[in-house]
Each structure stands twice: as C-alpha cells, then as structure tokens.
Amino acid sequence: MPTTTLNATQMHLLQLFSQHKSEAYARQIEKVLSLYLQQQRDADGEPISEADYDRMLFCQYLDLWKQQTKFLSSVTQIKQNPSFQSIVDMGGNAVPFILEEIEKRPSHLVWALNAIFHKRIGEQTTVSEACKLWIRELKKS
C-alpha cells in the first residue's frame, strides 16, 4: 500500500481542522490553502520558504481576525476568535510578525504573546503599555 507524505502546509492545515472541526475553520483553511497554492504558482514552481509561508499564514489569520472582531468589545470573544487562536497556535513562528505589528501600532494582538509565552507582562496595563513592555522584552532576547 502506498504511503502519502504530507508537507508542512498540509500538516498544519490538517492539525487546524482536527482541533476545530467547524465550517468556519474549513472555510479558513480553504482560503489559506488557495493563497498558498496561488503563491506556489506565482513562484514559477519554486517552493516558498518556511519563513515566507509563516508570514503568509500569519497575514491571512490577522486579516481574518481583524475583519471578524472589528465590532466586538468583549475581550473574551476577541481572544476566542478562531483566527486569533490560529495565530496563537503558530507559536514562536508568529512572534516576529506580532512584534512587527505591535511596533507599528498598539493592538489587542499583544494578547497572543501572553498566550504563546504563557505569561503576562505587567499587571493591570493598558494595551498600549503591554505592547511597549512586550517589545522591550522581546528586543532584549
């Protein structure tokens, strides 16, 4: 019986779907996969690098998260959004892109760093203050 080897993209998408078996996630995975395949074609057959793939994936999730939460005021709903959780699930691969985003402008995206690193920086800080503290912390490393 032939075996199938999945590439990193396919493994990531399979993992996402296995964790969140919903129609919303299936649509999200379809969008990410379509974008990935389009970029593969645009690159004249050259595979994209892991870093480029991570950036593409992060940007896709970030755009979806912004669209899906722009009218929400509930911190819980914003953090439980599937696209936000996908950013968190990227773990350390998402950190440089989150840092880049919060350096441009403070964002609730900073909460993803709390989840990725399993810690909060500062007690009772505003989003803006938390962004500054995380930027300082991550630039030290």
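Me: How many aromatic pairs does the structure hold?

Reply: The structure holds three aromatic pairs. Rings of Phe, Tyr and Trp (its six-membered ring) count as a pair if their centres lie within 6.5 Å; planes under 30 degrees apart are stacked, over 60 edge-to-face, and the rest tilted. This is a predicted model, in which local features need pLDDT of at least 70 and side-chain atom pairs count only at pLDDT 80 or more, while totals for chains, interfaces and linings use all residues. Residues are numbered from 1 along each chain as its sequence is written, and side-chain values use heavy atoms, with hydrogens and water left out.

Me: What pattern does the protein follow along the sequence?

Reply: The pattern is α-α-α-α-α-α-α-α, with eight helices and zero strands. Helices (H or I, at least four residues) and strands (E, at least two) are DSSP runs, numbered from the N terminus.

Me: Why does Phe58 count as buried?

Reply: Buried means under 20% relative accessible area, exposed over 50%, and partly exposed in between (1.4 Å probe, protein chains only). Phe58 has a relative accessible area of 1%, so it is buried. Phe58 lies in helix α3. Over the protein's 141 residues, 35% count as buried.

Me: Which residues is Phe58 in contact with, leaving aside its neighbours within four places in sequence?

Reply: Contact means heavy atoms within 4.5 Å. On that basis, Phe58 is in contact with Ile87, Met90, Ala94, Phe97, Ile98, Glu101 and Leu109. Met90 is 32 residues from Phe58 along the chain, and their C-alpha atoms are separated by 8.1 Å. Across the protein, 54% of the contacts with a separation of 6 or more come from residues 24 or more positions apart.

Me: Why is Glu101 called buried?

Reply: Its relative accessible area is 14%, so Glu101 is buried. Glu101 is found in helix α6, where Val95, Phe97, Ile98, Leu99 and Ile102 are also buried. The cover over the buried residues of α6 includes α3 (50-69), α5, α7 and α8. Beyond its neighbours within four places in sequence, Glu101 is in contact with Phe58, Leu62, Lys66 and Leu109.

Me: Which residues have the most contacts inside the largest nonpolar core?

Reply: A nonpolar core is a set of buried Ala, Val, Leu, Ile, Met, Phe, Trp, Tyr and Cys residues joined through side-chain atoms within 4.5 Å. The largest one has 31 residues, and those with the most contacts inside it are Phe58, Ile87, Ile98, Ile102, Leu109, Val110 and Leu113. At least two residues of this core come from each of α3, α5, α6, α7 and α8, and α3 gives the largest share, seven residues. Leu109, setting aside residues up to four places away in sequence, touches Phe58, Leu62, Trp65, Phe84, Ile87, Ile98 and Glu101.

Me: Why is helix α7 described as largely enclosed by the rest of the structure?

Reply: Six of the eight residues of α7 (residues 110-117) are buried, so the description holds. They are Val110, Trp111, Ala112, Leu113, Asn114 and Ile116. These buried residues pack against α4 (75-80), α5 (82-89), α6 (95-104) and α8 (127-140).

Me: Where does Lys79 lie relative to Trp111?

Reply: A charge sits over a ring if NZ of Lys or CZ of Arg is within 6 Å of the ring centre and within 35 degrees of the ring normal. Lys79 lies over the face of Trp111, at 5.7 Å from the ring centre.

Me: Why does His118 count as exposed?

Reply: Its relative accessibility is 73%, so His118 counts as exposed. His118 is in the loop between α7 and α8.

Me: What is the phi of His118?

Reply: Phi of His118 is near 55°, a positive value in a residue other than glycine. Most residues other than glycine have a negative phi.

Me: How many disulfides does the structure hold?

Reply: The structure holds zero disulfides; a disulfide is a pair of cysteine sulfur atoms within 2.5 Å.

Me: Why is Cys59 called partly exposed?

Reply: At 34% relative accessibility, Cys59 falls in the partly exposed class. Cys131, at 1%, counts as buried.
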